[in-house]
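Please take a moment with the sequence and the model below, and then follow the strands in the order in which the text takes them up.

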Amino acid sequence: MIKAEITDKELLTHLNSLEEDKLRIFTMAEGRVRGALFHGTRFVNQLRAQHKLGILETYILGQASLCSALTIPMMKDLEHTAIKFECNGPAEGYSIEADSTGYVRGYLYNEHIPVTKALENWDLGPFLGEGNLTFSRCHKDDKYPQNSTVPVDGVNIAKDFASYFAQSEQCNTAFHSSIQFDKQGRVTGAGSMYIQIMPKTGGTAGIGSQVDSHQDETEEEEELLRKVENAFKACPSIGLLYSEKEVDSEDIILGLFREFNPIITLKRDIVFDCKCNESFYINYLKNLPKEQIEDFKKNGPDPLEIQCRNCGSIYRIPTSKL
């Protein structure tokens, strides 16, 4: 990827004052609940710079990418997931890829969404609308990806992801993501979080090894899970929290879930990045029919200009390299 430079000095000063972008994985309630919190303010600013997006487009692609980043700690071993949403709204949908090595890349199908009146709220229904959300997972040794598609309403991207996990994975999972803009339209804070209720066999070794996973929850357990879900619902805007310099990720986790003894088990980097490079596109062009290559050399254009759809990078390749 050719990394786009962020040139807004006021924005850069603000970004340098924030805690670093990190994803923090945590467990709580004796292992019955797992989750992750991702600070992604720089992450969203980078994807915006790569694709040169407006406010609405940044909000949609940013939300989808923040939620996709949360699927990385759910991956097993080396795994790559492609997440595609195809809808009937003017945004047309999005395509995101998340990799277990820690990178996310993706794009909107329409990067110039028509807006006919001032936005009154962040209801995405008029721009996305109903559609199908597809997860395609591929592990290191898989010959073919495993695909699963569910219908969603496109009103709220975080809820669309939760709906996917409820329908396809049969797993009680909640997502929250938000992006904070200042009055000039700069992204000053961005982040996402998920929690997932684990089956009884997925708790602590002492409990999990002795419990039938199909056994109904006791009243005490149901009350515990209700309290966890209510604490999650009480979370304020994560984007707003991250835009305030004195707030950090551990404060957010402990503040929301202190009652359930959360333990942060891992911190890791997640970046908006792409594996594309000039050599890849040169090899691609060399495999075109010889007649077409000769036509390029004779009639141009020279250099050839190729844009990576996943990250917006533009490669200008002289025909002499073919």
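Which residue in β9 is the bridge partner of Gln180? The partner is Gly189, and the strands involved, β8 and β9 (residues 187-197), run antiparallel and are joined by nine bridges. This is a predicted model, in which local features need pLDDT of at least 70 and side-chain atom pairs count only at pLDDT 80 or more, while totals for chains, interfaces and linings use all residues. Residues are numbered from 1 along each chain as its sequence is written, and side-chain values use heavy atoms, with hydrogens and water left out. Strands (E, at least two residues) and helices (H or I, at least four) are DSSP runs numbered from the N terminus, and two strands are said to pair if DSSP finds at least two bridges between them.

β8 and β9 belong to an open sheet of five strands, ordered β8-β9-β2-β1-β10, with antiparallel pairing. Its edge strands, each pairing on one side only, are β8 (173-181) and β10 (263-268), and from one strand to the next the twist averages 15 degrees. Helix α3 (residues 55-69) packs on this sheet, where it touches β1 (23-28), β2 (33-39), β8 and β9, contact meaning heavy atoms within 4.5 Å. The direction of α3 makes about 145 degrees with that of β8; such angles run from 0 to 180 degrees between N-to-C directions, and the axes are lines fitted to C-alpha atoms, for helices over the stretch in contact.

Within strand β1 lies Leu23, which counts as buried because its relative accessibility is 0%, the cut-offs being under 20% relative accessible area for buried, over 50% for exposed and partly exposed in between (1.4 Å probe, protein chains only). Leaving aside residues up to four places away in sequence, Leu23 touches several others, among them Ala36, Phe38, Leu70 and Leu266. The C-alpha atoms of Leu23 and Met193 are separated by 9.2 Å, although the two residues stand 170 apart along the chain.

A further open sheet has six strands in the order β7-β6-β3-β4-β5-β11, with mixed pairing, and its edge strands are β7 (146-152) and β11 (271-272). Inside it, β4 (residues 93-99) and β5 (residues 103-108) run antiparallel, joined by five bridges, and Ala98 stands opposite Val104 in β5.

Finally, β12 and β13 form a hairpin with six residues between them, and Gly312 in the turn has a positive phi of about 80 degrees. Ile306 stands opposite Tyr315 in β13.
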